[in-house]
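Please read the numbered paragraphs alongside the model.

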Amino acid sequence: MATSPRALAPLLLPLLVFILSRSLRADPEAVVSRIAFGSCANQSAPQPVWEAVVGFDPQVFIWLGDNVYGDNKRPFRLFGRESTVGPWKNVPQFYPSPEEELRRRYEMAKAKPGYAKLRERALVIGTWDDHDYGLNDAGKEFIGKVLSQKLLLDFLDEAKDSSRWKQAGVYTSYMFGPEGKRVKVILLDTRYHRDPLLSDGTILGDPQWQWLERELHGPQSEITIIGSSIQVISNLSATTRPLFYVESWARFPRERERLFRLIDSSKRNGVIFISGDVHFGEISRFDCGAQYPLYDITSSGLTQSVENSVPAVFQPLMRLVAVLTPTTMRVFSPNCHYKSCTCGQPNFGAIEIDWNAVPPQIKLELRDVQGNSVGSVEFPVSDLEPSNAHAIRKEGHLFQRHCTLETELPWLVRHRLALLLFGTIAVSVIAVVLLGIACLSASSMFTKKFKME
Ligand SMILES: *[C@@H]1O[C@H](CO)[C@@H](O)[C@H](O)[C@H]1NC(C)=O
Ligand SMILES: *[C@@H]1O[C@H](CO)[C@@H](O)[C@H](O)[C@H]1NC(C)=O
């Protein structure tokens with residue numbers, strides 16, 4: 001019996017969809033259903049994670065910063081003429097590289113075989129964070145920024161006629177997919193115009209704010225992904241100080257509020273944040289910022305991770321610290337691989353959109369170097385629009401997960417990491433002193449006894 005064309009249709013359709021979905025670079029109207037992203041990749045270290053990224057088969061890959069480590073770190077030195085830490089430090093811990101060196105590091109990154117494979121298959125776009133900008137924690141004051149911008153755009157193969165070459169900063173946006181299945185990607189520049197830390201000034205600067213306003217008010221999209229190098233929702237510093245601080249939008253509270261107000265007033269549905277920077281992965285959610293839940297999927301890093309920064313024996317300790325760190329925004333789900341629902345191992349972010357589901361579904365996921373899921377959330381895209389179910393607003397002083405700010409946690413809870421550390425140190429010191437006293441009195445008793453005899 002000859003196969004009728006009708007019988008072949010079920011076979012051909014997936015093939016057609018496959019071919020169409022492959023051709024995003026040629027055709028920006030192609031339906032986008034798989035997006036990967038990541039941050040913090042050491043160009044001098046092996047980068048095995050690319051195999052897993054390629055395995056996910058993304059149509060778009062988004063760099064969220066620290067795409068290379070362009071700056072240099074002096075050794076940890078507490079004392080002496082070249083001390084790099086403490087209030088008495090006399091040289092900065094980080095210093096920038098000359099142009100040739102930064103260029104060389106980008107070349108090393110681009111030559112990674114796994115990354116080359118990804119570039120052949122997916123559209124690669126991105127923004128930067130501090131280390132590829134040129135200097136740890138740097139903002140608008142960094143003089144190397146004009147040159148760094150050129151090197152990043154070279155690395156990303158930015159089209160020669162792109163306005164990104166001429167503007168101050170690397171922010172940009174993309175619109176993918178046909179009507180009804182549109183995905184907009186907005187990439188922010190959190191460095192070029194950023195005021196000093198602790199100033200509560202601006203992160204984006206006026207021109208970028210005006211641009212962002214136009215982008216959010218502009219043509220509709222079913223999903224809008226906003227890429228920010230630093231975390232938007234979580235305020236880790238609020239619960240880890242004074243032990244350590246990380247950068248985040250929360251450390252510029254007025255600027256963060258402005259961002260939420262803008263999303264609200266733009267009436268744009270389907271906004272999701274993605275971020276990097278912190279060397280671990282987590283999914284957080286804020287219910288009291290807009291008319292619908294705001295998710296922030298943090299993937300960090302592709303090679304750099306909190307667990308890999310310590311000897312293997314301390315990794316369980318890092319996991320314990322992750323469990324003990326208070327959080328009000330993190331999404332805890334049964335899908336988490338680790339108890340803390342963070343991932344302290346190298347990871348990348350994976351976004352999957354099922355446009356055929358009714359209503360369309362979106363899955364936000366973190367995957368490890370093997371490509372295994374370490375945490376995910378999945379919901380209908382229609383969850384990201386105003387609804388009665390989301391009419392939850394902050395009510396008095398009651399604790400509300402995904403709404404109560406970290407700074408509003410009870411003092412004891414908020415400072416439990418610091419209390420635990422300082423408590424452990426204090427108890428150890430007291431134990432050593434007591435032991436010393438005991439030894440001394442024992443030996444003096446012994447000598448007395450010896451003399452008497
Ligand atoms: C990158 O990797 C190299 C080689 O393993 C290492 O010497 C260097 O310290 C790493 N840099 C960072 C920023 O971790
Ligand atoms: C985040 O924490 C810092 C440090 O405790 C605090 O100054 C800031 O106001 C917090 N931001 C928000 C949005 O709660």
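Predicted model: local features only at pLDDT ≥ 70, side-chain atom pairs only at ≥ 80, totals over all residues.

1. H402 counts as partly exposed because its C-beta atom has 19 C-beta neighbours inside 10 Å; a residue is buried if 20 or more other C-beta atoms lie within 10 Å of its own, exposed if 12 or fewer, and partly exposed in between, with C-beta atoms placed from the backbone. Phi of H402 is near 70 degrees, a positive value in a residue other than glycine. H402 lies in the loop between β14 (373-380) and α11 (411-414); helices (H or I, at least four residues) and strands (E, at least two) are DSSP runs, numbered from the N terminus.

2. Residues are numbered from 1 along each chain as its sequence is written, and chains are lettered from A and ligands numbered from 1 in the order in which they are written.

3. D157 lies in the loop between α6 (145-155) and β6 (172-176). D157 is classed as exposed because 12 other C-beta atoms lie within 10 Å. Most residues other than glycine have a negative phi, and most peptide bonds are trans.

4. One joins S300 and G301, with omega about -10 degrees; G301 is found in the loop between β11 (294-298) and α10 (315-324). Another joins V358 and P359, also with omega about -10 degrees; P359 is found in the loop between β12 (347-354) and β13 (361-368).

5. As to the chain as a whole, the secondary structure comes to 12 helices and 14 strands. The C-alpha trace spans about 115 × 55 × 55 Å along its principal axes. Of the 453 residues, 39% are buried. Among contacts with a separation of 6 or more, 69% are between residues 24 or more positions apart; two residues are in contact if their C-beta atoms, placed from the backbone, lie within 7 Å.

6. Which residues touch the most other members of the largest nonpolar core? They are A36, F37, V53, V60, F61, I62 and F348, in a core of 83 residues; a nonpolar core is a set of buried Ala, Val, Leu, Ile, Met, Phe, Trp, Tyr and Cys residues joined through C-beta atoms within 7 Å. A second, separate core of seven residues includes V278, F280, L366 and V374. Leaving aside neighbours within four places in sequence, A36 is in contact with V53, F56, P58, F61, F348, G349 and A350.

7. The axes of helix α7 (residues 206-217) and α9 come within 9 Å and cross at roughly 30 degrees; axes are lines fitted to C-alpha atoms, for helices over the stretch in contact, and angles run from 0 to 180 degrees between N-to-C directions. From α7 the contact draws on L212, E213, L216 and H217, and from α9 on L262, I263 and S266. By class, this contact has four nonpolar, two polar and one charged residues; Ala, Val, Leu, Ile, Met, Phe, Trp, Tyr, Cys and Pro count as nonpolar, Asp, Glu, Lys and Arg as charged, and the others, Gly among them, as polar.

8. Ligand 1 is surrounded by N42, S44, A45, Y69 and Q304; a residue is near a molecule if its C-beta atom, placed from the backbone, lies within 6 Å of it. This shell divides into two nonpolar, three polar and no charged residues. Around ligand 2 are N235, S237, A238, R241, A250, R251, P253, R256, L405 and T407, of which four are nonpolar, three polar and three charged. Helices α8 (237-240) and α9 (253-266) each supply at least two residues of the shell around ligand 2.

9. K117 is found in helix α4 (residues 113-121) and counts as partly exposed because it has 14 C-beta neighbours inside 10 Å. Leaving aside neighbours within four places in sequence, K117 is in contact with W50 and V54. The C-alpha atoms of K117 and S444, 327 residues apart along the chain, are separated by 73 Å.
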